[in-house]
Amino acid sequence: MPPVSPASRSGALITWLVVFVLLWVVGTVCAVYYYVDGNKAREDLDNVTKQYSEILPKSEINGDDINAIKNKRNEEGYNGSMSVVDVLKKERDDLATKIDGGASPDASFKTATDTLATAAVQAKKADVASLPTTLTAAVNTLTQALTARKTEIDSLNTQLKRAQDAATQAAKQMQANQATLTKALADARTETQQASATLQSDRTAKDEQMKKMIADSEAAQKQAQDQLAQAQSSMSELTSKNGDLQHRLDQALEKLGAKRSNTADAVVRQADGSIVRAPGNGSVYINLGVGDQISPGLTFQVYDRAEGVPSIGDPSNDDNLPKGKGSIEVVRVGAGSSECRIIHQEPGVPIHEGDLIANLVYDKNTKYHFYVSGDFDTDQNGVPTPQEGDVIKRLVTQWGGKVVDKIDADTDFVVLGQEPQLVSLSKDDANDPIKQAEAQNAQVKYDTYQDLKKQAVEYHIPILNQNRFLYFVGYYDAAKR
């Protein structure tokens with residue numbers, strides 16, 4: 001390589017230096033330019049970012065809501081080239097169109113708000129439940145109400161249709177009934193005219209019959225008057241005969257009564273036996289034995305031999321009861337006498353030999369007939385009952401008597417229970433059905449009792465109350481046991 005001169009090297013160095021300076025200047029100019037241009041680009045980017053941030057935050061650009069809006073571009077009525085804002089604007093315009101035709105979206109939304117507020121006010125005035133504040137809920141509520149009203153209107157229309165059909169049917173039936181009634185009236189007029197003609201004809205015939213009936217009636221009346229006169233004459237004759245028969249009947253009853261046992265009759269006061277021995281050990285012996293129709297358990301009342309058996313007395317009270325000296329009961333029957341134990345003995349009144357004994361039922365030769373009725377208190381507990389009358393009847397049959405079921409001429413004695421008492425009702429009790437029934441029952445018992453007494457008196461039959469009967473048979477003190 002040829003040698004390089006120093007001047008050549010200096011020129012080359014200067015050239016490179018000039019080139020370097022030029023390159024540096026160009027680079028500096030380019031750097032300044034790009035720096036200025038970059039700042040401007042950044043300012044533009046910041047402005048754009050700020051503008052978009054006011055519309056949509058950067059964090060929501062790729063959110064679910066934006067993606068859902070982007071996806072709507074694939075639905076019918078949209079296209080894939082539409083921006084998100086275009087999609088939203090289309091949805092806004094469609095909603096405005098549905099609200100009031102879409103003349104102005106802002107006006108449509110205001111119309112929807114005003115309409116909802118007006119509907120709420122009208123619902124409140126109509127006393128209807130308050131509408132929801134949201135448009136969808138309010139529309140649903142109104143739709144439900146409209147559906148209910150539609151159903152109600154359909155039901156009313158159905159009822160109206162049925163009512164109209166029923167009215168039409170009723171009108172047809174009424175017309176048919178009216179035609180039937182018109183025909184019936186025409187037939188009735190015809191029948192009335194025929195009946196009137198028949199009546200006139202019958203009236204003439206009846207007048208003739210009436211004249212004949214009057215004549216016959218006058219003849220029958222005269223005949224009846226003649227028969228009445230004859231009947232009155234016969235009645236007078238029968239009345240006279242009846243009086244005569246009644247007089248004879250009274251005489252017969254008096255004769256019959258004279259033969260009946262009564263309060264003064266010797267049959268009642270006749271003793272059945274006497275005391276033959278009184279050993280004084282609580283027992284006595286009587287002059288009745290085998291063959292005299294007595295048996296153990298038969299009781300007698302003991303009376304003083306000087307005073308005899310008392311009369312029956314007044315059956316309406318317990319004054320002067322035939323108590324005697326006491327009562328005895330047969331315990332052992334012997335050949336000619338029987339042993340008896342003393343059931344009761346009056347204080348200070350000893351039983352002696354020769355004292356009389358009597359039992360109204362017992363008679364060794366006769367069977368007496370007894371009629372027993374009423375409420376009795378044989379156990380003397382203060383409560384009379386009809387059932388205790390069975391004790392009286394048992395004593396009668398046990399000692400040889402006979403209980404009859406009615407009072408007649410064959411009845412020898414009538415034994416009546418306590419006289420029934422009438423019940424007086426107060427004003428309050430008069431309205432009580434139970435008290436009324438008790439009063440009626442008491443009246444029936446009282447009337448029956450009085451009727452039985454009347455029958456006994458008419459037949460001259462002796463009447464005994466409970467205590468007189470028990471004393472006359474010697475069972476008064478035994479009944480207490």
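**Notebook: salt bridges and burial in the predicted model**

I began with the contacts in the protein chain (heavy atoms within 4.5 Å): of those with a separation of 6 or more, 66% are between residues 24 or more positions apart. I note that this is a predicted model, in which local features need pLDDT of at least 70 and side-chain atom pairs count only at pLDDT 80 or more, while totals for chains, interfaces and linings use all residues. Residues are numbered from 1 along each chain as its sequence is written, and side-chain values use heavy atoms, with hydrogens and water left out.

**Chain overview**

I recorded 10 helices and 10 strands in the protein chain; these are DSSP runs numbered from the N terminus, helices being H or I of at least four residues and strands E of at least two. I then looked up burial, where buried means under 20% relative accessible area, exposed over 50%, and partly exposed in between (1.4 Å probe, protein chains only). Of the 481 residues in the protein chain, 23% are buried. The chain exposes about 32,900 Å², of which carbon and sulfur atoms supply 55%; the areas come from the Shrake-Rupley method with a 1.4 Å probe, and for residues only the protein chains shown count as cover.

**Salt bridges**

I took a salt bridge to be a side-chain nitrogen of Lys or Arg within 4 Å of a carboxyl oxygen of Asp or Glu. By this rule I find 12 salt bridges.

I looked at Asp292 and Lys364, whose closest N and O atoms are 3.9 Å apart in their salt bridge. Asp292 lies in the loop between strand S2 (283-286) and strand S3 (299-303), and Lys364 in the loop between strand S6 (356-358) and strand S7 (369-373), so the pair ties together parts that are 72 residues apart in sequence. Asp292 is buried at a relative accessible area of 15%, whereas Lys364 is partly exposed at 43%.

I next examined Asp355 and Lys325, which form a salt bridge at 2.9 Å, N to O. Asp355 is in the loop between strand S5 (338-345) and S6, and Lys325 in the loop between S3 and strand S4 (326-333), so this pair joins parts that are 30 residues apart in sequence. Both Asp355 and Lys325 are buried. I also note that Asp304, Lys325 and Asp355 are linked in a network of salt bridges.

Lastly, I looked up Arg341 and Glu329, whose side chains meet in a salt bridge of 2.7 Å, N to O. Arg341 lies in strand S5 and Glu329 in strand S4, so the pair ties together parts that are 12 residues apart in sequence. Arg341 is partly exposed at 33% relative accessibility, and Glu329 is buried at 16%.
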